[in-house]
Amino acid sequence: MQKNFKPHPNSFKNTFCVFNEVLPNEIEGLKKQFESKAGSSYYYTEAGMYRVSNHWGRLANSKWRLIAREPETESKTKIGFAAWEEFYPDNAEEKLYYIEADFEKNLANYQHKNNPNYDGKAILRTSFETTKRLKQIRNLQQLTSWAKYFDYEDIADLRKQIINELIFTERSLEEIKREI
């Protein structure tokens, strides 16, 4: 029988967290402790929180992301788990976020500076600055029209060069493009 563990109601306000998708058997026998107006269910344990939801990302005053299982489960509703120590503070003023790129999967995302994987090399930015850079990076990843102005042999190498400059320097995209 599960012990009734309940965190303080305000402990999730203004937080950033990355949940990892888990299978339904992980919450078998757990008692649902909260259901949001949007239909998400929450299960609290001493180790962390399980969230069952069909929507992830910006939630009211928090940024919660789900890393899906591979291969991805078919259901639109996903179950995510995050340990309590993986909830990090969020606000609009501080430089809390950095960007990481996965060149093999052609993806980019933002992470919190309190993430134990942060090595201090990527530039920290505010959430607004991070969102702006991330949009530029994703455009570079998904589009090719920008590349017609460059003399290059391999667009993947050109992308990587520009994206790394956007992640690891304060230089603007225009400055980076001019110097290439």
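With which side chain does the side chain of Gln111 make a polar contact at 2.9 Å? The partner is the side chain of Glu100. A polar contact is a pair of N or O atoms within 3.5 Å; within protein, one must be able to donate a hydrogen and the other to accept it, and residues adjacent in sequence count only if both atoms are side-chain atoms.

The model is predicted: local features need pLDDT of at least 70, side-chain atom pairs count only at pLDDT 80 or more, and totals for chains, interfaces and linings use all residues. Residues are numbered from 1 along each chain as its sequence is written, and side-chain values use heavy atoms, with hydrogens and water left out.

Gln111 sits in strand β10 (residues 107–112). Strands (E, at least two residues) are DSSP runs, numbered from the N terminus. Gln111 is buried, with 9% relative accessibility. Buried means under 20% relative accessible area, exposed over 50%, and partly exposed in between (1.4 Å probe, protein chains only). A further polar contact joins the side chains of Gln111 and Asn115 at 3.4 Å. Beyond four places in sequence, Gln111 touches Phe16, Val18, Arg65, Leu96, Tyr97, Tyr98 and Glu100. Contact here means heavy atoms within 4.5 Å.

Strand β7 (residues 78–83) is largely enclosed by the rest of the structure, because 5 of its 6 residues are buried. Strands count as paired if DSSP finds at least two bridges between them. Strand β1 (residues 15–22) pairs with β7 in the antiparallel sense over 3 bridges. Here Val22 stands opposite Ile79 of β7. Strand β4 (residues 48–53) also runs antiparallel to β7, joined by 6 bridges. Gly48 stands opposite Ala83 of β7.

Side chains of opposite charge can pair when their charged atoms come close. A salt bridge is a side-chain nitrogen of Lys or Arg within 4 Å of a carboxyl oxygen of Asp or Glu. The count comes to 6 salt bridges. One of them links Glu70 and Lys105 (2.9 Å, N to O). Glu70 lies in the loop between β6 (62–67) and β7, and Lys105 in the loop between β9 (97–102) and β10, so the pair ties together parts that are 35 residues apart in sequence. Glu70 is exposed at 64%, and Lys105 is partly exposed at 46%. Glu165 forms a salt bridge with Arg171, with the closest N and O atoms 3.0 Å apart. Salt bridges that share partners join Glu165, Arg171 and Glu179 into one network.

Conventions:
Helices (H or I, at least four residues) and strands (E, at least two) are DSSP runs, numbered from the N terminus.
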